[in-house]
Amino acid sequence: QPPRSRDPVRRGLRWRRWLLAVVAGDVLPGAAAVVLRGFRETADGVGAAAGGLHGVRSASVSANAVSAAGNLSATAGAAANISASVLAEAAANATYAANAGAAANATGTQPRGPRVYFLFLAVDKVSNLDVWRAFFAHAPRDLYRAYVHCKLPACNQQVHGSYLEAVPTVPSWYCTDLVSPMQQLVHIALQDQAGYPHPLDKFAFVSDSTLPAKPFAYIYGTLAARHGSDFCVFPSNEWADVPSSGGGTEIAAKHHQWMILERAHAERSWQLWSSGHFHHFMAHFRMNIHPYAWNNNSYADNRNYGCLDEFWHMIALYGTMHAWDLVSDTSLPLASFGGGPLHISPWVGWQGECDTFVMWAKYLHIAGNNPFNRFYSSLDQASIPHRGDSFRPGWWDTISSHGLRAIRQSPFLFVRKFIDKPRLHDGYDFPSAFQQIVLAY
């Protein structure tokens with residue numbers, strides 16, 4: 001069985017020993033040599049970095065070890081009869097332990113390990129702030145920063161003294177410009193001068209109604225081992241299109257606002273936004289000018305719906321796409337695009353890397369790789385969220401302990417939307433149950 005410990009660094013070291021035991025024993029009789037090598041590189045790299053806890057100074061995990069930790073797959077799980085979720089947790093905890101150990105022993109002249117920047121967008125408050133307090137309570141400060149952009153002063157007052165640092169408020173407008181506060185968060189995060197920037201730094205956008213789906217060590221370890229950015233791309237009939245001036249069709253892929261950017265993409269996005277790049281997107285693609293109905297939005301029909309924050313970052317980083325053949329399935333490799341390549345066709349469903357569960361009822365049961373449906377199907381009746389509509393996603397005001405366990409066991413790193421202080425169906429204290437079930441190690 002995987003190890004348990006309250007101390008996150010010691011837990012990571014125990015995960016290392018567990019991985020070594022898996023490799024050393026006959027637990028993986030049918031595993032390919034590359035899988036075994038991945039386990040060994042992970043264990044060796046974690047041991048070298050986490051050895052800082054015992055007097056060995058190390059600033060970061062080796063690239064091979066991080067890569068191996070991030071690439072433990074369901075293939076290895078099948079060969080070892082171990083679930084992919086257990087392997088993922090092993091890799092995440094091992095990576096976390098390595099960087100936590102290195103951070104504890106690093107000097108001012110050493111490069112630091114990866115850092116995760118949690119970038120919250122809020123209106124008047126961050127819902128369930130007590131859960132976020134528990135999430136950050138034992139996280140090593142050098143491994144993260146948490147910033148929040150508050151639209152209203154009440155939010156600034158609420159987060160004062162918490163783990164979330166409020167940034168100066170900039171003007172914003174729902175749908176037509178939520179990119180300004182997003183980029184304000186990026187801009188402030190990029191000014192963090194504590195240690196040298198790390199190419200594996202991540203910038204994760206979080207809403208005021210979002211909750212973590214895993215403990216800090218798991219989320220940190222997962223993101224610190226990943227290369228590239230995570231965009232959760234909508235099915236293609238939600239994409240925007242206009243006739244191209246050079247012929248064919250110009251297309252913009254629609255994605256969730258709650259993306260996770262690698263450092264290079266975060267830096268590039270701030271440079272482009274601050275220079276005015278594609279601020280005219282809404283007008284250029286003639287967004288929301290036609291009345292919307294449930295069934296009148298199809299691929300490449302020049303009827304475009306959505307908000308600036310659901311398009312701008314992919315356009316800024318990858319440009320718009322041009323298609324001459326609107327029927328065939330075209331594969332488009334994109335640099336540092338998690339879950340790629342991107343497929344362009346009338347029938348493609350969810351794509352990319354979806355780290356945050358959001359329930360859009362229209363696409364909950366769409367065919368193809370659909371993690372949203374798989375998670376939804378694991379919920380008991382008491383934990384089914386409200387459906388929402390075409391313009392607003394579903395939300396929870398009640399959930400059971402079974403539903404909380406489903407969140408913990410899901411592939412998602414974050415879940416939304418939760419009202420503030422939701423009801424626990426089979427108990428009285430939602431924050432305590434959430435901490436004991438979802439945030440427990």
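How many bridges join E5 to strand E16, and do these strands run parallel or antiparallel? Two bridges join them, and the strands run antiparallel.

## The model and its terms

This is a predicted model, in which local features need pLDDT of at least 70, side-chain atom pairs count only at pLDDT 80 or more, and totals for chains, interfaces and linings use all residues. Residues are numbered from 1 along each chain as its sequence is written, and side-chain values use heavy atoms, with hydrogens and water left out.

The protein has 15 helices and 17 strands. Helices (H or I, at least four residues) and strands (E, at least two) are DSSP runs, numbered from the N terminus. Of its 441 residues, 56% count as buried. Buried means under 20% relative accessible area, exposed means over 50%, and partly exposed lies in between, with a 1.4 Å probe and protein chains only.

The accessible surface of the protein is about 18300 Å², and 53% of this belongs to carbon and sulfur atoms. Such areas come from the Shrake-Rupley method with a 1.4 Å probe; for residues, only the protein chains shown count as cover. Among contacts (heavy atoms within 4.5 Å) between residues at least 6 apart in sequence, 72% join residues at least 24 apart.

Strands of a sheet pair through backbone hydrogen bonds, either parallel or antiparallel. Here, three strands form an open sheet in the order E5-E16-E14, with mixed pairing. The edge strands are E5 (211–212) and E14 (356–357), each of which pairs on one side only. Two strands pair if DSSP finds at least two bridges between them. Strand E16 covers residues 414–415, and within E16 the bridge partner of Pro212 is Phe414.

## Helix H6

Helix H6 spans residues 129–136, and its buried residues include Leu129, Val131, Trp132, Phe135 and Phe136. Seen down the axis of H6, the buried residues fall within an arc of 155°, so they line one face of the helix. The arc is that of the directions from the helix axis to the C-beta atoms.

## Aromatic pairs around Phe234

The structure holds 39 aromatic pairs. Rings of Phe, Tyr and Trp (its six-membered ring) pair if their centres lie within 6.5 Å; planes under 30 degrees apart count as stacked, over 60 as edge-to-face and the rest as tilted. Phe234 and Trp350 form a tilted pair, with 5.1 Å centre to centre and 40° between the planes. Phe234 lies in the loop between strands E6 (232–233) and E7 (240–243), and Trp350 in the loop between strands E12 (342–344) and E13 (351–352), so the pair ties together parts that are 116 residues apart in sequence. Phe234 is buried at 3% relative accessibility, and Trp350 is buried at 7%.

Phe234 also forms a pair with Tyr363, which is edge-to-face: 6.5 Å centre to centre and 70° between the planes. This pair links distant parts of the chain, 129 residues apart, with Tyr363 in the loop between E14 and helix H13 (371–377). Tyr363 counts as buried at 5% relative accessibility. Phe234, Trp350 and Tyr363 belong to one aromatic cluster, whose members also include Phe357, Trp360 and Phe372.

## Charges over rings

The charged end of Lys254 sits over the ring of Phe234, 5.0 Å from its centre. A charge sits over a ring if NZ of Lys or CZ of Arg is within 6 Å of the ring centre and within 35 degrees of the ring normal. Arg141 lies over the face of Tyr144, at 5.5 Å from the ring centre.

## Backbone details

The peptide bond from Gly340 to Pro341 is cis, with omega near 0°. Pro341 is in the loop between strand E11 (330–332) and E12. The bond from Arg416 to Lys417 is also cis, with omega near 5°, and Lys417 lies in the loop between E16 and strand E17 (418–424).

Phe278 is not a glycine, yet its phi is positive, near 55°. The residue lies in the loop between helices H10 (263–274) and H11 (281–284), and Phe278 is buried at 13% relative accessibility. Ala300 has a positive phi of about 55° although it is not a glycine. Ala300 lies in the loop between H11 and helix H12 (312–318), and is partly exposed, with a relative accessible area of 23%.
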